[in-house]
Amino acid sequence: MFGTAHTASAQEQVVNLYSARHYQTDEALYSNFTKATGIKVNRVDADDAGILARLKAEGAASPADVILLVDAARLWKGDTEGMFLPIKSPALEAAIPAQLRAKATPDGTTWFGFSTRARVIVYDKLKVKKADVDTYEELADAKNKGLLCTRSGSHPYNLSLFGSVTEHMGEAKAEEWLKGMVANMARAPKGGDTDQIKGVASGECGIAITNTYYLARLMRSSTPEDKAIMEKVGVVFPNQQSWGTHVNIAGAAVAKNAKNTANAVKFMEYLASADAQNYFANGNNEWPTVASVKVSNPALQAMTGGNFKSETLPVSAVGSNQVKVQQMLDRVGYK
């Protein structure tokens, strides 16, 4: 499951990366960074939980320099467990909006978001009216009873969404909302986001929640099966008239025990460059976090008409709600 990370020799400049991103298009990111800087990227791949567990087990002996994770809840967990090194980078502070990075301390900032994916609602265009699902609140409305499909409520993507809703609504109303979602389920939560989209297309579900890059993959696919799915499914960016659509992030941090700190900061600053941000957008169907980078991805453009209102909550606040959200999920029976 894991590769091997090496410490730098006197002859070779390296940065050791622990990455939860498993996208082929990211290979170009790493090779271009090496071409531009001469710094070799040694990569260890695992899921977010596996990376955090490995960091904890390795302790001060860890060779990791940069940690790359794909969810706000995981970034928050790593930060609160003291796994990240605060850094001061004027370039990153200028490029990445304040709500998409950790709260700054006198010692610096521990993590930065480099791409976002929106958590949207998909619906059966023949059975469901778009106006009935254009807010997250309506997922719990009795008019949608028996229609809702989701993956596990405890999956980090949903923990982050529910943490966001909790921040907007307050705990009491958010728990009632989660209870209403459970009452509206078409079936028990299972599968991944693509399974939810397919469930809507097949008629098993009327509405579902998904991250946008799963939709974009289907939209950009040339297979007849994927084209047929997207012909049946409508997409809503919720809460455009209120707080905006929830966005989750992929972000990076310098490891607490990094041996190649300067190279780690260079790598993170590279991730905020126009070239790297374009790879996130066009290679993996994510939105750049750097506002000046323009997206030319046809699927993302088609989904939004070019733009959408996203929430402006600090992602760190959303992540910090995950423990109380899990407790609410347990109380309302959201598996």
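Which residues in H6 meet which residues in H14? In this predicted model, in which residues are numbered from 1 along each chain as its sequence is written, local features need pLDDT of at least 70 and side-chain atom pairs count only at pLDDT 80 or more, whereas totals for chains, interfaces and linings use all residues. Side-chain values rest on heavy atoms, with hydrogens and water left out.

Glu171, Ala174, Glu175, Leu178, Lys179 and Val182 in H6 meet Lys324, Met328, Leu329, Arg331 and Val332 in H14, contact being heavy atoms within 4.5 Å. By class, this contact has 6 nonpolar, no polar and 5 charged residues, where Ala, Val, Leu, Ile, Met, Phe, Trp, Tyr, Cys and Pro count as nonpolar, Asp, Glu, Lys and Arg as charged, and the others, Gly among them, as polar.

Helix H6 (residues 171–183) and helix H14 (residues 322–332) pack with their axes 9 Å apart and at an angle of about 45°, which makes H6 oblique to H14 (under 35 degrees is roughly parallel, over 145 roughly antiparallel, 65 to 115 roughly perpendicular and the rest oblique). Helices are DSSP runs of H or I with at least four residues, numbered from the N terminus.

Aromatic pairs, defined by ring centres of Phe, Tyr and Trp (its six-membered ring) within 6.5 Å, come to 9. The rings of Phe33 and Tyr270 have centres 5.4 Å apart and planes at 50°, so this pair is tilted, given that planes under 30 degrees apart count as stacked, over 60 as edge-to-face and the rest as tilted. Phe33 lies in helix H1 (residues 26–37) and Tyr270 in helix H10 (residues 261–271), 237 residues apart.

Key:
Axes are lines fitted to C-alpha atoms, for helices over the stretch in contact, and angles run from 0 to 180 degrees between N-to-C directions. Helices (H or I, at least four residues) and strands (E, at least two) are DSSP runs, numbered from the N terminus.
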